[in-house]
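Me: I have a structure open and would like to learn how to read it. Could you take me through it feature by feature?

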Amino acid sequence: MTRFAPISCFLVALLVLGRPALAQDVVVSPEGPVKSLSAAIEQAPPGGRIVVREGVYREPTVVVDKPVTITGEGQAVLDGQGERQIMTVTADSVTVRGLIFRNVGVSFVEDRAGLKVDDARQCVIEDNRFEDTFFGIYLAKTAHCRVAGNVLQGTGATETQSGNGIHLWYSKDIEVENNTIRGHRDGIYFEFVEDSRIAGNLSEVNLRYGLHFMFSDRCQYRDNVFRNNDAGVAVMYTKHVEMSGNRFEHNWGSAAFGLLLKDITDSRVEDNLFVKNTIGVYAEAANRIRFERNHFQENGWAVKIMANSLDNVFTRNNFIANTFDVATNSSRKHRSRFEQNYWDNYEGYDLDRDGYGDVPFRPVRLFSIIVEKNEPSLLLLRSFFIDVLDAAERVVPSITPETLADEKPVMKRIL
Amino acid sequence: MQTTAKVIKYELSDVIRSKWIVLYALFFLVVTEALFQFGGGSARALLSLSNLVLIIIPLISILFGTMYLYNARAFVELLLTQPVDRKTLFGGLYTGLALPLSAGFLAGAGLPFAFHGVEAASHATTLMTLLLSGVLLTCIFTALAFLIAVTFEDKVRGLGVAILLWLFFAVLYDGLVLLLLNAFAAYPLEQPMIALMLLNPIDMARVLLLLTFDVSALMGYTGAVFEQFFGSLLGVGLSTAALGVWVAAPLFWGWRLFRKKDF
Amino acid sequence: MIDIVGIEKRFGRLRVLRGLDLRIERGTVTAIVGPNASGKTTLIKAILGLIKPDGGHIVFDGVKLNGAWNYRERIGYMPQLARFPDNLSAREVIDMLKDLRGRPDDLDEELLTAFDLESELGKPLRTLSGGTRQKISAVVAFLFRPDVLILDEPTAGLDPVASSILKDKILRERDAGTTFILTSHIMSEIEELADDIAFLLDGTVHFAGSTTEIKATTGQPRLERAIAQLLTMDKPALGTPSTNGHSKTPERFVAADAIAPKP
């Protein structure tokens, strides 16, 4: 028997995966014999396919407890009627595709979601719509899942009355791609998520953060757009993060950040665009981060770096039309370096024509320190008096941190 | 009214012939064009130009205005022997100077933008704000110039006062405000700060420009007053209204003095 | 034609006019004479509305002047020193004044021809000699056929030929009914032109009357001597004193206000 084991395994696998699909499909439709998704799941064999035809389905929370593929056709709407979670996946290898999840309803007791995957693997959630679901997609204790092409539209009016768009907790190896999230509390929320990839998502007009994660090591964030979120993006307590090609745009407010990095270490922030944020990058206790080829434009503060951030490197970034290029909270020695960046405020010269300015650029203005201490003085921005003060400070630095200087500023903008 | 138009007409031809105004327009033309040539792009040009506008326009308007009114003494006296109302004459004199100064600035600073265009739609708003601020500052400092020239009989003293007044509004005032802010740092200063800005026309124009250049930073304010002020049209409306008052007040005062003045 | 009642004017601490009364009759030439700083020019400027009196009032042809300006339609004025806007030419000044007065058809260009000014009209006024400007000033004064002509030292800068042309013109116009007020230091000229004399001293009318009256009162056959004598005479000895300061005697005699103290 033992010598046949590989063959029988193969046969079993063939039975499960390679079986002709159509014959086994369970069809759910308002008029057909199967009128609810729950009933269809009951009927379907493990690994079976369920097709949900166009229609509005109202039924108690659908529990997917076997590996099935659920596909919506046309406007297949699952309506939570404002009082319950719509679908809970508890089995591995479940695929949910093309459905519309609607109207979950606010709960202050439980984290209700449109679709919750609980303690499962290999799930695929693709091309669904989530309308007015409290939490949209909620993955808890999952692994090897793919969440892609979903559109999530929350309608919560306040932070407490809305849940997160894509919420991941204790998960690993997840792909979150090309989703669109609007109007939730946090667009994308990760806690204890590892080795995951977040790419091509658009997260905008959320009530708190466009992206919010903590304790989520070794994740990659690529080519996402975080725009016009109430507080921007905040990431914390994490190592080995890679953020590249993202756009952080138009995050305005007294506590709004393009990207807030708190206790982030050994990470890379590259080729991102920071445009029109109150603060482009805010780094607090952020260590050994490499900021390279980012473009900072028209931000209030392009970079605010606290003195407790150590050994960060900013190189080959563009700083253009920012109100303040770099600000900090302390004039003591900084252990972060700026080198070979382009600063549009640089007024030096390049006599030897090697492409680098011959005198260092000090991106921290005296005025930024004044504003730090006395906020209303911000209104004196661009006044002649302040410009004279700044110029004097630049010639003879006394208050601004001497170590925060770009010794080799680039003369032409990069890219 | 008709007489006002006639007075303006003759003053205009006089001002234009003095060539100062042409130099003034040329100055803005050359500077703005240079900013385009070296600064790269309309955003940078707008920023540098606005710094210039806040300093140069008040200076030139107040100096040129004071000097002009002293030099126009003969013209004024000639007209006052004619059937011309003093009110009409004063209005005409003022318009006849504020108009070409504004036009000189608009033409000088505006033409390069018309030629090169702006890079983004938001820059067009900024440009409009800049041009409007420039015109308002011209009107304000010409009015102040008239007030000075009517108040002080002596030309040298008048010019001295004009320079001091410019120095005060353009430089010293902000220094004093900064000292004040530091002295009272323990108190909530949002409202007094806005009031202080309203009291200086150059600051007011500057704040108006900040609202277009530096919204990102201004939105970082924690004070609710600021958010209200900057986050809405209220800020723009109030600033513009304050600038309007700044035109009207010295002009009215100047006119009252002019009405009683001996020639 | 013009009644001046109790006019007061101070410049700072200096009392220039001290309750001055004077009546100017229609169709006469009244010469205002007096030593330097006796208030002649100030009086003229008060009539023109160039200065605002501190007290008293002036009635012009039945209309009380109080910020009025329409009456200046009926006045031609030739100042002591002709000052014109520097950049304009005489033609432009004349055109401007015509324009201001609503382009009347009936212009008196007699002096323009008599002075032979055609070739000078196109040049900027600052390039012209003092005498030429004085001539233009005279042309301007007569141009609009005013009812009242106020001439402050009209012949001062003129050559003898021009001077006599002007004097002939004055007499002709007087005969045609125009009222003249003129000041002059040249007694022969006054003797030649004036019907009435108002002698000003320290801001009041020290003596007023016809030339014949002055000569009669002082017993001097020549005006120059007569006026010199007036200076040395005590006021109460003069003619008939008028207590209310404003006499309507047929002799057109108006005495100085006797209460004015001497400094």
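Predicted model: local features only at pLDDT ≥ 70, side-chain atom pairs only at ≥ 80, totals over all residues.

Reply: Start with strand pairing: two strands pair if DSSP finds at least two bridges between them. F60(C) stands opposite V63(C) in β5(C).

Me: In which order do the strands of that open sheet in chain C lie?

Reply: The order is β2-β1-β4-β5 in chain C, 4 strands with antiparallel pairing. At the edges are β2 (14-24) and β5 (63-64) of chain C, each of which pairs on one side only.

Me: What should I keep in mind about side chains when I look along a strand?

Reply: In a regular strand the side chains alternate between the two faces of the sheet. For strands to look at, go to chain A, whose secondary structure comes to 4 helices and 38 strands. The C-alpha trace of chain A spans about 85 × 55 × 30 Å along its principal axes. Of its 415 residues, 47% count as buried. Among contacts in chain A with a separation of 6 or more, 49% are between residues 24 or more positions apart.

Me: Which strands pair with β28(A), and in which sense?

Reply: Strand β28 covers residues 257-270 of chain A and pairs with β25(A) in the parallel sense over 6 bridges. Here V235(A) stands opposite L261(A). Strand β26 (residues 242-244) of chain A is also parallel to β28(A), over 3 bridges, with E242(A) opposite R268(A). Strand β30 (residues 279-284) of chain A pairs with β28(A) in the parallel sense over 5 bridges, and I279(A) is the bridge partner of F257(A). Strand β31 (residues 287-292) of chain A is joined to β28(A) by 5 bridges, again parallel; V269(A) has F291(A) as its bridge partner.

Me: How do I read a positive phi, and where is N228(A) found?

Reply: Check the residue type, then the place in the chain. Phi of N228(A) is near 55 degrees, a positive value in a residue other than glycine. N228(A) is in the loop between β24 (225-227) and β25 (232-239) of chain A. With 18 other C-beta atoms within 10 Å, N228(A) is partly exposed, since buried requires 20 or more and exposed 12 or fewer.

Me: Is D116(C) buried or exposed?

Reply: D116(C) has 11 C-beta neighbours inside 10 Å and therefore counts as exposed. D116(C) is not a glycine, yet has a positive phi of about 55 degrees. Its place is the loop between α3 (110-114) and α4 (130-143) of chain C.

Me: What can be said of how the chains touch?

Reply: The size of an interface is often given as the accessible area lost when the parts come together. Here the description is by residues in contact: 28 residues of chain B touch 28 residues of chain A. On the chain B side, α3 (42-71), α7 (155-183), α8 (190-198), α9 (201-213) and α10 (215-218) each supply at least two residues. Of these, α7(B) gives the most, with 8 residues. By class, this side of chain B has 16 nonpolar, 6 polar and 6 charged residues.

Me: What about chain C?

Reply: The contact between chains B and C takes 20 residues from chain B and 19 from chain C. On the chain B side, the elements giving two or more residues are α1 (2-17) and α4 (73-80). That side divides into 9 nonpolar, 4 polar and 7 charged residues. No contact joins chain A and chain C, whose closest C-alpha atoms lie 37 Å apart. Of the 2 pairs of chains in contact, chains A and B share the most contacts.

Me: At what angle do α7(B) and α9(B) pack?

Reply: The angle is about 85 degrees, and the axes are 8 Å apart. α7(B) and α9(B) are therefore roughly perpendicular to each other. The contact is made by F169(B), A170(B), Y173(B) and D174(B) of α7(B) with P201(B), I202(B) and D203(B) of α9(B). These residues divide into 5 nonpolar, no polar and 2 charged.

Me: Which residues touch the most other members of the largest nonpolar core?

Reply: Of its 264 residues, they are V233(A), L261(A), I140(B), I150(C) and F199(C). The largest share of this core, 16 residues, comes from helix α6 (residues 121-151) of chain B. Leaving aside residues up to four places away in sequence, I150(C) touches I44(C), I47(C), L48(C), I75(C), Y77(C) and I181(C).

Notes
Residues numbered from 1 in each chain as written. Chains lettered and ligands numbered in written order. Contact = placed C-beta atoms within 7 Å. Nonpolar A, V, L, I, M, F, W, Y, C, P; charged D, E, K, R; others polar. Axes fitted to C-alpha atoms, helices over the stretch in contact; angles between N-to-C directions. Parallel < 35°, antiparallel > 145°, perpendicular 65-115°, else oblique. Core = buried A, V, L, I, M, F, W, Y, C linked by C-beta atoms within 7 Å.
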